[in-house]
Structures are given as C-alpha cells and as structure tokens.
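Reader: I'm new to this one, and I'd like to go through it slowly with you. Could you show it to me before we start?

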Amino acid sequence: MSVDSLGTVHIVDDDDLLAGALSSLLRSVGHTVQLYGSADSFLTAELGGGASCLLADVRLPGISGLELQETLRRTGRAMPIILMTGFGDVRMSVQAMKAGAIDFLEKPFRDQDLLDAVSVALSVARTARVGDNDLPEIRTRAASLTPRERDVFTLVAAGDLNKQIAAKLGVQEVTVKMHRGAAMRKMGAQSIAELTRMAALLERSPRG
C-alpha cells in the first residue's frame, strides 16, 4: 500500500477529460481524489480532514490557479499546491514557487513527475498541519525570535526571495539565509508553506 494512501488530492481543472485522467492515475496508486471545475467551487467546498494537497491548473474560469494560491495563503487556509499549465513561462513558474508551490508542471508532463510531486506535497501536509488550535504555541515561538529573525520571517512568509530580503534589510544574502534558518527552527516550520500559514494566523490574530 502506498504511504500516501490516506492522502486526498483536490484537483481544480475545467478540462474534464484531463481531470478524469489525472483522477484515474492518482486513484490507481491509492489516493483519494476530489474534482472541482473552478477555483470558486473549491473555495466553497467542505473539505474533509487528513493530509491533503491541491493540484490546480493556472488558467481557470474566474479565479486563476495563481490567484487561488494567493487567496488560500492570505486567508490562512494554505495547503501544499502543485500548479500545472499548458502555457507556462519562467516568470509564472517563479511567481508560483515564491508563493510556496510544491511544483510547477508544464503540460504535457510525465505521470511519474506528477506522482512524485503529489508524494512530496502530501508529505509536507502531514508535517505542516497548522490550524487555529496551534495559535498559542505559534505566538510563543514567534516571541522567541530576535527582531531581525522576525523581520526575515515576515518577509519570507510574504513570498520574498533571499536576495530581495537582503536588499530591503540592507544586509548580505548569507545573513538572510542564517536568520531564515534560525527562524524556521525556532518556529518549528518544516517548509515555507508551513511558515506562511503560521504568519497568516499571527496576522489574523495578532493579540491573545
């Protein structure tokens, strides 16, 4: 049995044929799959518990995949996301990865590339289950950050790259990397996606 057999993959794609093929592939290796024809239908759906990830097309009717990614991040509902497109370019890929995407797959992609990305995404989900009940502990961890670590934590969670953070703070990039590593250790974050969820929770509830 696959180690990811209890994981759920939410597929958001208005191409019914492709979505059906992806669903069949993922179900064949033991994943649970939920299909949505638009970002709006996903955002209004009741999601079950357990480890889950999102597989979304960039070009969707209404809200795009990139906008969906940002909406989930901004509202503290972020989950590991894999974006796919038939019209990919370097700028779009960088934007997606900066915002915490696990992977950016350009169609047509190999089945194994998708399965590998989903495996990573669900692994991240299992170790990054951050919710409102974790807020007191997150506040305690955030209080242990030095002022510079807190600055770096905030900018990393906002999607800035190390080079951009260095320019904003007037320090060397190696210094940013050092503070970023310290912040992730102190916050107990296993990934940038998890760090982003923590920042979103703190932003929504800044005071206890």
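Reader: What pLDDT does the protein average?
Author: This is a predicted model, and the protein averages a pLDDT of 84, with 89% of the residues scoring at least 70.

Reader: And where does pLDDT stay under 50?
Author: That happens over residues 1–5, for which the model has nine contacts beyond four places in sequence. Where pLDDT is low, the predicted coordinates should not be read in detail.

Reader: Okay, on to the sheet: what order do the strands have?
Author: The sheet is open and has five strands in the order β2-β1-β3-β4-β5, with parallel pairing.

Reader: Which strands stand at the edges?
Author: Those are β2 (32–36) and β5 (103–106), and because each has a single partner strand, one side of each is left without a neighbour in the sheet. On average, neighbouring strands of this sheet are turned by 20° against each other, direction ignored.

Reader: What about β3 and β4, how many bridges join them?
Author: Strand β3 (residues 52–57) runs parallel to strand β4 (residues 81–85), and four bridges join them; Leu55, for instance, has Ile82 in β4 as its bridge partner.

Reader: Which strands does helix α3 lie across?
Author: Helix α3 (residues 65–74) lies across β1 (8–12), β3 and β4, and the helix runs at about 165° to β4.

Conventions. Residues are numbered from 1 along each chain as its sequence is written. This is a predicted model: local features need pLDDT of at least 70, side-chain atom pairs count only at pLDDT 80 or more; totals for chains, interfaces and linings use all residues. Side-chain values use heavy atoms; hydrogens and water are left out. Two strands pair if DSSP finds at least two bridges between them. Helices (H or I, at least four residues) and strands (E, at least two) are DSSP runs, numbered from the N terminus. Axes are lines fitted to C-alpha atoms, for helices over the stretch in contact, and angles run from 0 to 180 degrees between N-to-C directions. Contact means heavy atoms within 4.5 Å. pLDDT is the predictor's confidence in each residue, from 0 to 100.
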